[in-house]
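User: I would like to go through this model by question and answer. Please show the sequence and structure before we start.

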Amino acid sequence: MAYRIDPRAPVDIALRRTAQKQIDKAVRDLSGGDEGRHEAVHEARKRLKKLRGLVRLLREADPSFAGAENARYREAGRTLSGVRDRTALIEALDGLEGRFAGEVDSPSFAVVRTALELKREAAVEAQGSARDVAAEALGSLEAGRSRLDALALGQGRRRNRVRVVAGVEANYRRARRDLAAARASNRAEDFHDLRKRIKYLGMHLKLLEGLWPAALAPLREEADRAAEALGRDHDYAVLHAEMLADPRSFGARADLDVVLALLDRHQAELRAEAAETCGRLLSDKPGAFAARIARLWQLAAKAPDPAAPAAP
C-alpha cells in the first residue's frame, strides 16, 4: 500500500492502515543485519517522518493522540539521527562542489570533506552499538502500533473528514506565516521552520492524492522540490555554523573562506527559488484551500472504486 489513504474508507481505518504499513516497513529496515545499516537507518528515519506527517492530520480530530504519537516518532527519529546528520553534511558539501563545478576548481572542498569524514567517524564511535540504537527505535514503533490499533475517532464519516481537513488547514495556515517570516528576516531559523511546514504539506498532499491525482500530484511534487531546496539550505546553515565555531578543525583559513563564500552564494539561490515556489503553493487563503480539499474528498468518497471488480 502506498503512502495514501483510501477516500472511500472510514477515516480512522484509512489512516490506521497507512500508518501501520509505514511501521511495518520501518521495522523491516531496522531488523536487518549490519550490512547496509546506514542506508537502512536512513530509510527508517524517512518512515518515521511520514508517520509524523500522518498523525499530525489528527491535530483537530484527536489532539491527545496526535501530540503523543508525534512526540513518540520524533524521539525515535532522534535516536537514529547522529551518524545520518553527519552524512548529510558531507552530501551537502558534495552538492555545493557540484553546483560550482566548472566555475570554481578548488582543493578547499577536499580539505573540508576530510574534516567532515573524521567527525563522522567520531560520531559512529560515540553512537555505540547499531543494534542497541535500532532496538530503542523498534520499541517505539511497536508501542506506536499498539496505540494505532486502538484509534477510533467516534464520529460519522463526514464529520471525521472535516476534522482531518482541519489538520491540513492548520499546517497550511502556519506555512503561510512561516513564509512571511522567512521573507522578512532571511534568517536560517525561519527558513527551517518553513521547510518543516512545506514538508508536511507535501506529505498531506501525498496522503490525499487519491482525491484527485491529476490535480494534487503536481502540487505535491512542487512541495517536495521546495522542501528539498529548503533542506539543503538547512544543511548549509548547519555546516556554516559548525565551520565558524571550530575553524581550526577544517584546515587553513583560506580553504575555509572559499567554502563559506560559496555556501552563502548557493544559500541565497536556494532561498529565492524556494520562496517563489512556496508563494505559489500557498497562494490560496487557508479556508479556501481547506474547502477545496473537503469538497474533493466528498466527491471521491462517492465515486466508484476503479479497483473493484466489474459488475456482471
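User: How many nonpolar, polar and charged residues does the lining of the largest pocket have?

Analyst: In this predicted model, linings and totals for chains and interfaces use all residues, while local features need pLDDT of at least 70 and side-chain atom pairs count only at pLDDT 80 or more. Residues are numbered from 1 along each chain as its sequence is written, and side-chain values use heavy atoms, without hydrogens and water. Ala, Val, Leu, Ile, Met, Phe, Trp, Tyr, Cys and Pro count as nonpolar, Asp, Glu, Lys and Arg as charged, and the others, Gly among them, as polar. Sorted this way, the lining has 11 nonpolar, 7 polar and 26 charged residues.

User: Which helix gives the largest share of the lining of the largest pocket?

Analyst: A pocket is an open set of points on a 1 Å grid over the protein atoms alone, where a 1.4 Å probe fits, with protein on both sides within 12 Å along at least five of seven lines; lining residues have an atom within 4 Å of a point. The largest pocket holds about 1600 Å³ of space, counted as the space filled by probe spheres set on points joined across faces, edges and corners. Of its 44 lining residues, R45, K49, R195, K199 and G231 are the closest to the centre. The largest share, 11 residues, comes from α9.

User: Are the planes of the Y172 and F289 rings stacked or edge-to-face?

Analyst: Rings of Phe, Tyr and Trp (its six-membered ring) pair if their centres lie within 6.5 Å, with planes under 30 degrees apart stacked, over 60 edge-to-face and the rest tilted. The structure has 1 aromatic pair. Because its ring centres are 4.1 Å apart and the planes are at 10°, the pair of Y172 and F289 is stacked.

User: How many residues apart in sequence are the parts that this pair ties together?

Analyst: Helices are DSSP runs (H or I, at least four residues), numbered from the N terminus. Y172 lies in α7 (residues 157-185) and F289 in α11 (residues 286-302), so the separation is 117 residues.

User: Is H204 buried or exposed?

Analyst: Buried means under 20% relative accessible area, exposed over 50% and partly exposed in between (1.4 Å probe, protein chains only). H204 is in helix α8. Its relative accessible area is 2%, so H204 is buried.

User: What is phi of N186 near?

Analyst: N186 is found in the loop between α7 and α8 (188-207). N186 is partly exposed, at 48% relative accessible area. Its phi is positive in a residue other than glycine, near 55°.

Definitions and conventions: Helices (H or I, at least four residues) and strands (E, at least two) are DSSP runs, numbered from the N terminus.
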